[in-house]
2 protein chains.
Amino acid sequence: MKSFCLFLILILSGITVSAQTNYTADSLNIRKIYDMSLLNGKSYNWLDHLSNEIGGRLSGSFNAQQAVEYTKAELEKLGLDKVWLQPVMVPKWTRGEREFAYVQTAPGVTRNVNITALGGSIATPAGGTKAKVIEVQGLEQLKEYGRENIEGKIVFYNRPMRADLIQTFDAYGGCVDQRYSGAEEAAKYGAVGVIVRSMNLRMDDFPHTGSMSYGDTPENKRIPAAAISTNDAKYLSGILKIQKDLELYFRMNCENHEDVKSYNVIGEITGSENPKEIMVVGGHLDSWDLGDGSHDDGAGVVQSMEVLRLFKEIGYKPKKTLRVVLFMNEENGLRGGNKYAEVAKSKSEDHVFALESDAGGFTPRGFGITATDAQFEKILSWKKLFKPYLIHYFERGGGGADINPLKDEKIVLAGLRPDSQRYFDYHHAANDTFDKVNKRELELGAATMASLVFLVDKYGFNNINKETSELAD
Amino acid sequence: MKSFCLFLILILSGITVSAQTNYTADSLNIRKIYDMSLLNGKSYNWLDHLSNEIGGRLSGSFNAQQAVEYTKAELEKLGLDKVWLQPVMVPKWTRGEREFAYVQTAPGVTRNVNITALGGSIATPAGGTKAKVIEVQGLEQLKEYGRENIEGKIVFYNRPMRADLIQTFDAYGGCVDQRYSGAEEAAKYGAVGVIVRSMNLRMDDFPHTGSMSYGDTPENKRIPAAAISTNDAKYLSGILKIQKDLELYFRMNCENHEDVKSYNVIGEITGSENPKEIMVVGGHLDSWDLGDGSHDDGAGVVQSMEVLRLFKEIGYKPKKTLRVVLFMNEENGLRGGNKYAEVAKSKSEDHVFALESDAGGFTPRGFGITATDAQFEKILSWKKLFKPYLIHYFERGGGGADINPLKDEKIVLAGLRPDSQRYFDYHHAANDTFDKVNKRELELGAATMASLVFLVDKYGFNNINKETSELAD
């Protein structure tokens, strides 16, 4: 057994030497990336402009068009190999005059409540809708109550996000069906409107909008749908317990229009060795209209732009082609993401990796990754390079709404995972504003993305067994 | 070799079965702790009172006394085995009327700058101090300039915190000598005052106070010292480049008084099996006076109280004695921490573990730990139990200013390590206020502390080799 042990030792020390060489070089490159982002970053300035000079960027709006022009111009300043606009038709929905709602607690006695129209909702009749309210804890409870209890009423969906779930996106996923399908389902029972508890883990006065769908509900059966702030959801639920015949009034002036032309904004550094292998980093350029869309997803936009700028600044020329794609219309249609994948497919482009940042500009913790076992193991072999930056989360599952249409058997999809505890305090609400983004946290996210892209570019996912061993310890 | 492999497999599977049993039971207990903190936590309400009803709690102030009385009363409500006050004499320094400062850029033309007295500083003369300014990048540069360039001037220490350091406490450690010893050192060269760039990684208008020392400088040689906001430090540095004879005026009304009596607040659950083995969780009750001390260290106070409450609520009776200690005077004297250790020593108490939370109420990431190799390895064997809560940081080094005096060859010291990126935005400044604390982040921190205390209580650090193997996988 002595010779066997000696053999093992030789092999292991060989691996260590090889790993050491790569590890040191890679460490230094990654250190350069973080230094550049933290000491001479551009992401925060870009976000300042997007948020404060332009503001909320709803698909089809003037602001969305301004954002297209601004980011294209900024990408052009970076000296990339190509910058272009990819046309895409997007839905156009306008909020109109701000919503108004109250509950009537006695004849002539009312209390206003904070609501906001859900994106895609129809308006109320011009004079508003006033009706009794029935509270439910979810879609499935409609059946239990039946048409006899629901018809002519406003359905109030009040299932809260679960505070015990550590990952707040899980809590969101557990509630968002009320917002997305609440109107479609309630209409089947003859409801005249829908009020949904905001997808917010905090108690406050901000109503949170978001996308909804009428499914195949005929136009004349569609009912208006709004979100209500968590504080007012609590109030409404409380007062309904003592006053079952309470009436709620709401008025909304939103409108769905014809689709309009918009764009994905794309910039590219063409690969020096394997230009046909394409890596994508991206976020979505559109946002809801209530705040300025700083976290959702101004942060992802500027971080993605920064990845390419960081490569230019540290003088790293990617072997594969690296594209930044600023997707249009993630929030209410996903037209940009679908268009990009459609064009890529029609051109038989070879996308090997796509990374999206669309979970806020908070301190990065790691990545959610959709990949084969071998691809995932390869990424895990790089994990230790991220330790100095407190990046620890490398788990399976994840990507991003905009890049998911690229999915095939081969591509690796990844989503940046920032700390999520505060995200739903701001998500789709009027307080998603620039001051909620911390400069360092944003910059750390950009550097974390760039570091992963650097490693994917350098090592790729071919010859996985051979190359993984070089980095394994 | 077949029999050897079989032997190995048998051993390993034995360990796995044993580990599984413990792992499952421990997992469930930790899940209970997190659920209780997130679903029925008390920490945020306590912090609301400390911050908004009481406010900044400078040692020797009325507010500090209110905080003593409030936390004692709240601990008494928890049904602990003992609650008591431990008297300690503390320094009393008062700020007096708010500071005022300007630079004179031309005859009759002035621009105000934002300063705040450093804690412990003497006042300026009643009419203020007006003098030319010499900018330095640190204490060592004084020697280089010499008395001929410094005498009669105000020394402006302007070395910024390093943005490239990922752990912001490292950046703080690299600058704080300017604040702590700046006046003592500048006085040796005949300076008449000191202005220190705020320990803040962000550019804003808040000056950040903090402790300073005159060392053994005789009273008649002491000079007043203030912090200046980062924005105004940038301005001052810029204008000095084009106007070397610029004069700065500042007026401060602070005063050092006789020591006054105050208290550490202590609550205890007496151990059910090993009452003489004592575990401490704590934070410091005092704070600076500019904000309300929510992050520094209201958060640590309420999280520590919550550890005991969580144990009571889930019905876990610790085998060892568990004490919460709310230390007085961490900020400008450490008298509370020293007193607690002194009394513990005089009573020959056996402290086996102490955990402090004094790095803000942000999302917890893990612990810094001062321990022997074997003790540290034992803690590492518990790491996987924390993974569902995204707690990943278990590194050597750490504890807390208040618990460090307990250090001996045996005790394990630990400090909660929350995300640190935003901490110095608020540290010791007027914007360290309740609204900067996120309820979930605070509650996650309390649960993380309680989980570690639970494991220390259950497994301890005796018989390390035997017990570690039970949990190792």
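Colleague: Which residues line the largest cavity?

Modeller: The lining of the largest cavity is made by Phe362(A), Thr363(A), Asp419(A), Arg422(A) and Glu441(A), together with Phe362(B), Thr363(B), Asp419(B), Arg422(B) and Glu441(B). Please bear in mind that this is a predicted model.

Colleague: What makes this a cavity and not a pocket?

Modeller: A 1.4 Å probe fits at the points of a cavity but cannot get out, whereas a pocket is an open set. The volume of the largest cavity is about 100 Å³. By this rule, counting those of 30 Å³ or more, there are 4 cavities.

Colleague: In what order do the strands of the open sheet of chain A stand, and what is the pairing?

Modeller: The order of the 8 strands in chain A is β1-β10-β12-β11-β13-β16-β14-β15, and their pairing is mixed. At the edges stand β1 (82–94) and β15 (393–396) of chain A; each has a single partner strand, so one side of each is left without a neighbour in the sheet. On average, neighbouring strands of this sheet are turned by 20° against each other, direction ignored.

Colleague: How do you know that β14 and β16 of chain A pair?

Modeller: Pairing requires at least two bridges between two strands. Strand β14 (residues 364–370) and strand β16 (residues 412–418) of chain A are joined by 6 bridges and run antiparallel, so they pair. Ile369(A), for its part, has Ala414(A) in β16(A) as its bridge partner.

Colleague: Which helices lie across strands of chain A?

Modeller: Helix α8 (residues 294–314) of chain A lies across β10, β11, β12 and β16, at about 145° to β11(A). Helix α12 (residues 439–459) of chain A lies across β11, β12, β13, β14 and β16, at about 40° to β14(A).

Colleague: What pairs with β1(B), and in what sense?

Modeller: Its partner is strand β10 (residues 255–269) of chain B, in the antiparallel sense, with 12 bridges. Val88(B) has Ser262(B) in β10(B) as its bridge partner. Helix α3 (residues 62–77) of chain B packs on the sheet and touches β1, β10 and β12 of chain B, making about 5° with the direction of β10(B).

Colleague: What is the peptide bond from Asp296(A) to Asp297(A), cis or trans?

Modeller: That bond is cis, with omega near 5°. Asp297(A) lies in helix α8 of chain A. In chain B, the peptide bond from Asp296(B) to Asp297(B) is cis, with omega near 5°, and Asp297(B) lies in helix α9 (residues 294–314) of chain B.

Colleague: What is the phi of Asn329(A), positive or negative?

Modeller: Phi of Asn329(A) is near 75°, a positive value in a residue other than glycine. Asn329(A) is located in the loop between β12 and α9 (335–346) of chain A.

Key. Residues numbered from 1 in each chain as written. Chains lettered and ligands numbered in written order. Predicted model: local features only at pLDDT ≥ 70, side-chain atom pairs only at ≥ 80, totals over all residues. Heavy atoms only, no water. 1 Å grid on protein atoms, 1.4 Å probe; cavity = no way out; pocket = protein on both sides within 12 Å on 5 of 7 lines; lining within 4 Å. Points joined across faces, edges and corners; volume = space filled by probe spheres on them. Helix = DSSP H or I, 4+ residues; strand = E, 2+ residues; numbered from the N terminus. Axes fitted to C-alpha atoms, helices over the stretch in contact; angles between N-to-C directions. Contact = heavy atoms within 4.5 Å.
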